[in-house]
Amino acid sequence: MLSEAAALGGLFLAAFGAATILPFQSEVVFVGMQLGQAAPLPLIVLVASVGNVLGAVANYLLGIWLEHYRHRRWFPVTQAQMDKAKRVYARWGVWTLLFSWAPLGDAFTVVAGVMRTHWLVFLILVTLAKTGRYVALAWATALASGGS
């Protein structure tokens with residue numbers, strides 16, 4: 001059986017990866033840990049949230065870095081796509097970061113970097129969204145499992 005520290009480390013990595021542009025899922029690991037009582041639930045929520053927020057920060061930094069290369073032929077996004085993303089972000093602004101928990105929400109964190117969103121505003125909104133997601137998942141899991 002995994003030690004608590006190893007299980008939490010795996011959860012952190014899964015949550016970090018899930019927040020990046022990589023195809024990871026952290027929900028299964030989170031729910032498994034909650035149901036298996038691998039660690040206290042507040043600690044599970046904290047570790048998953050920190051990992052997911054740091055993954056979003058990696059996306060933000062990627063957005064800052066990518067912007068420098070947008071005129072290169074190999075750049076993965078066309079100028080039209082970039083302009084559209086900027087228009088959406090300009091219209092809805094930083095509030096789109098409250099949807100960073102959603103399946104395509106990772107794109108918002110990259111665009112936030114491209115748009116040079118203030119890092120503290122980014123961090124607050126993403127932390128609220130990501131932590132809220134794990135709290136909701138923990139609540140739903142507890143309800144579905146009869147309160148465990």
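User: Where is the place of threonine 109?
Analyst: Quick note first: this is a predicted model, where local features need pLDDT of at least 70, side-chain atom pairs count only at pLDDT 80 or more, and totals for chains, interfaces and linings use all residues. Residues are numbered from 1 along each chain as its sequence is written, and side-chain values use heavy atoms, with hydrogens and water left out. Helices here are DSSP runs (H or I, at least four residues), numbered from the N terminus. On that count, threonine 109 sits in helix 5 (residues 106-114).

User: Is threonine 109 buried or exposed?
Analyst: Buried means under 20% relative accessible area, exposed over 50%, and partly exposed in between (1.4 Å probe, protein chains only). Threonine 109 has a relative accessible area of 0%, so it is buried.

User: Which side chain makes a polar contact with the side chain of threonine 109?
Analyst: A polar contact is a pair of N or O atoms within 3.5 Å; within protein, one must be able to donate a hydrogen and the other to accept it, and residues adjacent in sequence count only if both atoms are side-chain atoms. At 3.0 Å from the side chain of threonine 109, the partner is the side chain of asparagine 59.

User: Is glycine 132 buried or partly exposed?
Analyst: Glycine 132 belongs to helix 6 (residues 119-144). Its relative accessible area is 36%, so glycine 132 is partly exposed.

User: What separates the C-alpha atoms of glycine 132 and valine 45?
Analyst: Along the chain, glycine 132 and valine 45 are 87 residues apart. Their C-alpha atoms are separated by 9.5 Å.

How values were computed:
Helices (H or I, at least four residues) and strands (E, at least two) are DSSP runs, numbered from the N terminus.
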